[in-house]
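I opened my notebook to look at two places in this one. Here is the entry, starting from the ligand.

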Amino acid sequence: MVAQMSNIQQRNQGRKDKLIVATAPLCGCFGCHMSLLDIDERIFELVELVEFDRTPVTDIKTIGKCDIGLIEGGVANAHNVHDLREFRANCDTLVAVGSCAVTGGIPAMRNQFDLKECLEEAYIHGIGVENPHVPNDVEIPLLLDKVHPIHEVVRVDYFLPGCPPSADTFWQFLTDVAAGNEVSFPYSLIHYD
Amino acid sequence: MQDLDSFLHGLLAESGDTPDRLLQHLIAVQKQYSHIPYDAIQVLSERLGIPPVQIYSVIEYYAFLHRNPRGKYDIRFSDNITDRMLGNRLLMQGMCKKLAVEPGIPRDDGKVTIEMTSCTGLCDQGPALLVNGIAVSKLTEMRIHKMVGLIEAGVPVGKWPGKFFIVEDNIQRRDMLLNKRLIKGSALESLLVKGADAILNDLDESGLRGRGGAGFKAGTKWRLCRDAAADEHYVVCNADEGEPGTFKDRVLLNSYADSVFEGMTLCGGIVGARKGFLYLRGEYLYLLKTLENTLQERRDANLLGNNILGQEGFDFDIEIHLGAGAYVCGEESALIESLEGKRGIPRKRPPFPVTSGYMQKPTVVNNVETLLAAARIAVYGGDWFRSAGTPESTGTKLFSISGDCERPGVYEYPFGVTIRQVLEDCGALDTQAVQLSGAAGFTIPPQEFYRQIAFEDVPSGGSLMVFNRQRDLLKMVLNFTRFFCHESCGFCTPCRIGGRLMNDLVEKVMVGYATSYDIHELKKIGRVLQKSAHCGLGTTAPNAVLDTLQKFPGTYSRRLVNKSYEPAFNLDKALEVSRQLTGRDDEEAHLRLGN
Ligand SMILES: Cc1cc2nc3c(=O)[nH]c(=O)nc-3n(C[C@H](O)[C@H](O)[C@H](O)COP(=O)(O)O)c2cc1C
Ligand code: SF4
Ligand code: SF4
């Protein structure tokens, strides 16, 4: 896991400017982003260390060159693919954050069914559905037939497990990277029983 | 058909109601009813004192046991790479089509099921299949056509033409072991005349090492078992022979079984065991009857049973246990679990079986060939044996040779023979690679054909598959990674997950989506398996991938896409269902390939 970090480590050693971080929610519940915010008042310290680029936290909608991209959620639709590819193209280090991004997680539970079954259940046969039809507005991204973990669509450098990873895990990760240290978690941060 | 209750009661009365009988009973029920009915599970649970969930888990574990009915004709095509090279896929597709049946799903009228199974050990006379557990060799379109007719006409398998079931020994080269016949009982007489210590010394002097792969000294193993204090000792003959491409034990059990039993009895006499087991892989069911007959002949000749050869207190008998389609049960501790009626999950070692084996008692587990050789050494002496071979690998060894050669079959060579010599003898031309020691073994390129087969150089459990230059080696690799995925017992994560990941990555290479990053991942995961899997299945599973990556890099590199990463599937195609359901075809309804 750690081997991939060495480039960025080298570059950050003795670096004065801030680390540029972007985050994106794909098909997840936003819980991972909420967990990041759970670092509470440490966020003041964090903004001394990092500068946020595109992220729902700042509501910046376009991405520039970044050091780190944090991705929450699995890949479920065409938009997710676009976003993910854009992040991959712009971030030196791309991190899968949380079970959904790492394994597909909760959204991937639909993989046990055909997409057709899912959509018909939701929009045609479901209880209380009026005007039954599968929505086809061009504004609505098309669903992929299966939900994928992000590493099945782009190359991923790092995985932060957890549903969600705790605020302390985010904190440890970002501060280690910002300091140019090798990321290392105490057992308590990656232990889930 | 006999009603279930009376069948089960007969079974329990005849062969016992202790928990260790579970697997053997399940195999019998499966055979009779083509599945394990719910009611049978309840009865067995009550009578053997095993909770139903545990019985379910045993059924789930073994590939030849099923909770749902199979067809009346239950057909399994052998799917080793050698079967594939002989066209098994097309034959199976043809049969499915003619019988109007989907692979793995019983036909609506319950008549037939067809699916693939791991190597059935008929690589020298493939493609092969099992019908209701019995092997059919040398499949051709004609043969399939006839089988389809017999099935549709409802002719019982017992009445099918005998020539379908002929399995030839195909012994192509004999040396000291196969040339020297053993007079029935002579090894036991030798034991009675010379005494156990003298025989153990002979074994030590012979240098005989285990023929099942690991190469542990047989004399040392027997001595360790004998010296382990316990009220019971056991001898187990490992006839699970599941390593793809290996079939020499099949031949020994067919034509030299008496010597194998002699070796087991000899071992029993030396270590003080009263009972031995032959663990016969389910795929060799067709050998069972002759093996049972051979045992009976030996009992009649007072070579088994009580007071063998009139020696007071020399009591030993042998029972045959069947496997049910699980390769890992060839691993000695998994085999012992299976003998005890359980799922074949490898045990923690140490303790080794010699001190804590069957029922936690000291147990010798030896390969078929090891036991056969031991019996001969007891008669002809250690010097005789070590007159052939190399200093560290004495004697001769049987090799199962298959694949692209003119004369596949069993070859006996002294250890130390070069691969080139073997290839010449079996008529292999234009050879691209040799897979030595089965799927778990080594992939050898032509520049290494000078190497010697011996523990000092390349060791071998006795199989050699030949691939000529027309073959795509990646197909071989993929066949092996699938095999290991299928055969992983699932106990440890590196093998259960890592094996699957490796298989998926090799598939990705095959379909042309892989990048150099995926190759890096393959190597990384392979090393994790080698280092951390719990048993030999997992630690050897990555061998073929890592060997070919190193020695045949072109097999991979010519298929790679020149990108940092590419998904293993077509993203645009993954939107097709949505496009159809919404009727959209605008730009946003498509994804370009690549990143
Ligand atoms: C996955 C796996 C499968 C094995 N299959 C066999 C087999 O089919 N036959 C066999 O004799 N040994 C097999 N072995 C080796 C046995 O564990 C054991 O070493 C051998 O039976 C000992 O007998 P030997 O000393 O006479 O070779 C297998 C080992 C592993 C790890
Ligand atoms: S990993 Fe858990 S918290 Fe994060 S998006 Fe998925 S479900 Fe939500
Ligand atoms: S390595 Fe594979 S076969 Fe062996 S114990 Fe682990 S999961 Fe089972």
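**Around the ligand**

I sorted the shell around ligand 1 by class and found 3 nonpolar, 9 polar and 6 charged residues. My classes: Ala, Val, Leu, Ile, Met, Phe, Trp, Tyr, Cys and Pro are nonpolar, Asp, Glu, Lys and Arg are charged, and the others, Gly among them, are polar.

A note on the source: this is a predicted model, where local features need pLDDT of at least 70, side-chain atom pairs count only at pLDDT 80 or more, and totals for chains, interfaces and linings use all residues. Residues are numbered from 1 along each chain as its sequence is written, chains are lettered from A and ligands numbered from 1 in the order in which they are written, and side-chain values use heavy atoms, with hydrogens and water left out.

Among the closest residues I listed B:Gly212 and B:Glu241; near means a heavy atom within 4 Å. Strand E9(B) gives the most to the shell, 3 residues.

Next I checked oxygen atoms of ligand 1. One is 2.6 Å from a polar backbone atom of B:Gly212, and one is 2.9 Å from a side-chain N or O atom of B:Asn238.

**Helix H18 of chain B**

Which residues are buried in H18 (residues 419-426)? I noted B:Ile419, B:Val422, B:Leu423 and B:Cys426, with buried meaning under 20% relative accessible area (1.4 Å probe, protein chains only). Down the axis of H18(B) they fall within an arc of 100°, so they line one face of the helix. After H18(B) comes B:Gly427, with a positive phi near 75°.

Methods. Polar contact = N/O pair within 3.5 Å; in protein donor to acceptor, adjacent residues only side chain to side chain. Helix = DSSP H or I, 4+ residues; strand = E, 2+ residues; numbered from the N terminus. Buried < 20%, exposed > 50% of the residue type's maximum accessible area, 1.4 Å probe, protein only. Arc of directions from axis to C-beta.
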